[in-house]
Amino acid sequence: MEWIDSGYILGVRRHGESSVILETMTRDHGRHLGMVRGGRSRTLQPVLQPGNEVQLTWRARIEGHLGHFAVEGLTLHAARFLSSRQALFAMTHVAALVRLLPERDPHPGLHEALGHLVEVLGEPDLAPALIARFELEILSDLGFGLDLAACAVTGRQDDLIYVSPKSGRAVCREAGAPWHDRLLRLPAFLRGEEGMPEAGDIADALRLTQYFLERDVFAPRGLAMPEGRRVLLESLVAAEEKG
């Protein structure tokens, strides 16, 4: 069997003396693993870095086998953020999120969103907001999507500033006022409203997605949130306090 696809590298692990097991998020074949012979060579190591976009040729005798990848670099995004501690933590976190998806299950929307994200991981003014949006997409693709279209109480589609932690549905300002201390904040940019979000808005967005990721995704699997996610949120909270 053989196919050719493009993908983003999530990680590698050693296999034998010179090979690696490569994990990627591909456009048409979802999260996919395969062996790369000579993957620890000086030629391939710069290519096989998390975040890089590559072209993959996968071959295996039968579909259920691990198979082998032939890899060609397309866009080596990792070179732009290897010097940024925050970008490295963010890439580690994003890869951990993608690993929650079933292997070989196509998610073209997430593949596209991942592409937009890795392009800006080295830009601290842009990346955190895209990470929050990416987490919303992960929740949706895993079957735990939030309903942010209308107020759960009144049906209104405007002035939505809260999310119910119980139902995952939006709540408008008027309906949520009596219980504002029990509700999660809903930043406008998560609903697609225009404008550059401030550090406080992004921190609220990450608190929102973290609540549902922990409750619905990580905790049921006996997993903790990735360390990179904690570092990212702490940096935003610090920026919010300075502001």
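Predicted model: local features only at pLDDT ≥ 70, side-chain atom pairs only at ≥ 80, totals over all residues.
Reader: How many residues are in the largest nonpolar core?
Author: The largest nonpolar core holds 58 residues. A nonpolar core here is a set of buried Ala, Val, Leu, Ile, Met, Phe, Trp, Tyr and Cys residues joined through side-chain atoms within 4.5 Å. Buried means under 20% relative accessible area, exposed over 50%, partly exposed in between (1.4 Å probe, protein chains only).

Reader: Which helix gives the most to this core?
Author: Helix H6, residues 199-218, with nine residues. Helices (H or I, at least four residues) and strands (E, at least two) are DSSP runs, numbered from the N terminus.

Reader: Is there a second core, or what does it include?
Author: A second, separate core has 14 residues, including Ile9, Val36, Val47 and Val71.

Reader: Back to the largest one. Which residues have the most contacts inside it?
Author: Leu114, Leu121, Phe134, Leu186, Leu190, Leu208 and Leu213.

Reader: Take Phe134. Buried or exposed?
Author: Phe134 counts as buried because its relative accessibility is 3%. Phe134 sits in helix H4.

Reader: What is Phe134 in contact with?
Author: Val94, Leu97, Val98, Leu110, Ala113, Leu114 and Leu117, leaving aside neighbours within four places in sequence. Contact means heavy atoms within 4.5 Å.

Reader: And Leu186, what is in contact with that?
Author: With the neighbours within four places in sequence left aside, the partners of Leu186 include Leu148, Tyr162, Ala170 and Leu208.

Reader: Helices next. At what angle do H4 and H6 pack?
Author: About 25°, with the axes 9 Å apart. That makes H4, residues 127-141, roughly parallel to H6. Axes are lines fitted to C-alpha atoms, for helices over the stretch in contact, and angles run from 0 to 180 degrees between N-to-C directions. Angles under 35 degrees count as roughly parallel, over 145 as roughly antiparallel, 65 to 115 as roughly perpendicular and the rest as oblique.

Reader: Which residues in H4 and H6 meet?
Author: On the H4 side they include Ile131, Glu135 and Ile138. On the H6 side they include Ile202, Thr209 and Phe212.

Reader: Now strands. How many bridges join S1 to S4?
Author: Seven, and the two strands run antiparallel. S1 covers residues 2-15 and S4 residues 53-59. Gly7 stands opposite Val54 in S4. Two strands pair if DSSP finds at least two bridges between them.

Reader: What about S1 and S2?
Author: S1 pairs with S2, residues 19-26, over eight bridges in the antiparallel sense. Tyr8 has Met25 in S2 as its bridge partner. S1 and S2 form a hairpin with three residues between them, and Gly16 in the turn has a positive phi of about 70°.

Reader: In what order do S6, S7 and S8 form their open sheet?
Author: The order is S7-S6-S8, with antiparallel pairing. The edge strands S7 (170-172) and S8 (184-185) each pair on one side only.

Reader: Last one: where is Pro46?
Author: Pro46 is in the loop between strand S3 (30-36) and S4. Pro46 counts as partly exposed because its relative accessibility is 45%. Not counting residues up to four places away in sequence, Pro46 touches Asn52 and Leu76.

Notes: Residues numbered from 1 in each chain as written. Heavy atoms only, no water.
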